Amino acid sequence: MLSVRGLRVLVELERRGTLAEAARALNYTPSAVSQQLAALEREAGVALLTPVGRGVRLTDAGRMLAAHAHEIIGAIARAETDLANLSYTVSGQVRVASFQSVLLEVAPRALALLADEHPDLDVVLFQRDVDDAHSGLLSHAFDLILGEEFDGHPQPPVPGVQREDLLTDPLWVALPSALAAQRAPRRLADLADQPWALESSKTRMGRWARTECFAAGFNPRIRSESTDPTLHMQLVASGLAVSFVPALFGARLGRGIDVFALAGADGAAPRRTLYTEVRDGQARHLAIRAVRSAFVAAAGGIPVHRTNGTIRTGMMDA
């Protein structure tokens with residue numbers, strides 16, 4: 001009999017490529033991963049791995065079994081969903097991973113709705129970068145994640161994952177009000193000499209921001225690199241940096257900040273699309289559906305063009 005735990009380890013090894021990465025995704029030690037795979041090989045009666053340098057790779061039998069393992073794990077998830085739905089109650093625990101701007105603006109509203117409508121449901125929030133959250137969803141560390149996709153940077157569909165779009169969020173440029181009053185920029189290149197507060201280039205927002213600056217003909221001079229948008233906006237309000245900011249975060253902009261809309265090459269303002277993702281086998285789960293619906297309702301109640309700062313309605317050419 002093949003163990004399900006061993007099959008999950010095999011799938012993660014196929015997905016990640018190394019024992020160390022598979023161990024990290026599953027929150028195991030590398031030795032525990034090796035032990036699980038050795039036990040699976042004994043159960044299968046064939047070699048599933050072959051040494052390559054300091055690492056390993058899947059044999060033909062290993063790749064074949066990994067393909068079956070995807071189907072088996074999906075079937076187990078569907079069975080668990082059907083069993084849970086037999087009770088017709090929304091209960092249990094749902095682990096949700098997201099990045100900071102959504103956790104600040106949308107998640108509290110969603111959790112308040114769920115507390116009123118489904119008091120037996122336990123929702124646990126984890127702050128993660130989108131790519132780390134996506135990795136955790138695939139390895140079963142999370143049940144639902146919130147992601148973001150930027151114009152010009154489409155995310156390819158992933159087998160076994162079901163996506164639903166949540167909202168479209170315009171992207172602005174935030175300037176200190178004093179700078180905006182002194183010389184309001186007409187295009188992004190006018191800010192080439194300014195210090196910037198940006199996310200790391202390892203995040204989707206950070207990569208998008210640098211691409212916009214490069215396309216405008218300059219390499220941004222970084223004053224602060226952080227995934228914390230509140231820090232970025234504090235630096236802007238203090239006159240120490242300029243930054244990009246999603247309109248969703250506009251309600252948190254205070255005095256001392258002016259925001260400008262951007263115009264892309266086609267004249268349209270750049271946007272990001274926020275979405276939820278779950279594993280295919282859990283998409284029908286009553287608890288998952290309830291959490292998704294709450295996030296949709298919470299996002300729909302937020303006017304994304306609202307700001308406590310000053311918004312310049314004129315478009316800035318990228």
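Author: The second largest pocket of this predicted model has a volume of about 360 Å³. Its lining consists of 21 residues, and those closest to the centre are Arg-15, His-70, Ile-73, Gly-74 and Gly-160. A pocket here is an open set of points on a 1 Å grid over the protein atoms alone, where a 1.4 Å probe fits, with protein on both sides within 12 Å along at least five of seven lines; lining residues have an atom within 4 Å of a point. Grid points are joined across faces, edges and corners, and the volume is the space filled by probe spheres set on them.

Two helices, H1 and H4, each supply at least two residues of the lining of the second largest pocket. Helix H4 makes the largest contribution to that lining, 7 residues. (Helices are DSSP runs of H or I, at least four residues, numbered from the N terminus.) By class, the lining of the second largest pocket divides into 8 nonpolar, 6 polar and 7 charged residues, where Ala, Val, Leu, Ile, Met, Phe, Trp, Tyr, Cys and Pro are nonpolar, Asp, Glu, Lys and Arg charged, and the others, Gly among them, polar.

The largest pocket has a volume of about 590 Å³. It is lined by 25 residues, of which Ala-25, Gly-136, Ser-139, His-140 and Ala-141 are the closest to its centre. The elements that give two or more residues to this lining are helices H1 (4-16), H2 (19-26), H4 (60-85) and H7 (130-138). Among these, H1 gives the most to the lining of the largest pocket, with 4 residues. The class composition of the lining of the largest pocket is 8 nonpolar, 8 polar and 9 charged residues.

Taken by helix, H1 and H4 are named for the lining of the second largest pocket, and H1 and H4 are also named for that of the largest pocket, together with H2 and H7. The leading contributor to the largest pocket is H1, whereas H4 has the largest share in the second largest pocket.

Local features need pLDDT of at least 70 and side-chain atom pairs pLDDT 80 or more, whereas totals for chains, interfaces and linings use all residues, and side-chain values use heavy atoms, with hydrogens and water left out.

Methods: Residues are numbered from 1 along each chain as its sequence is written.
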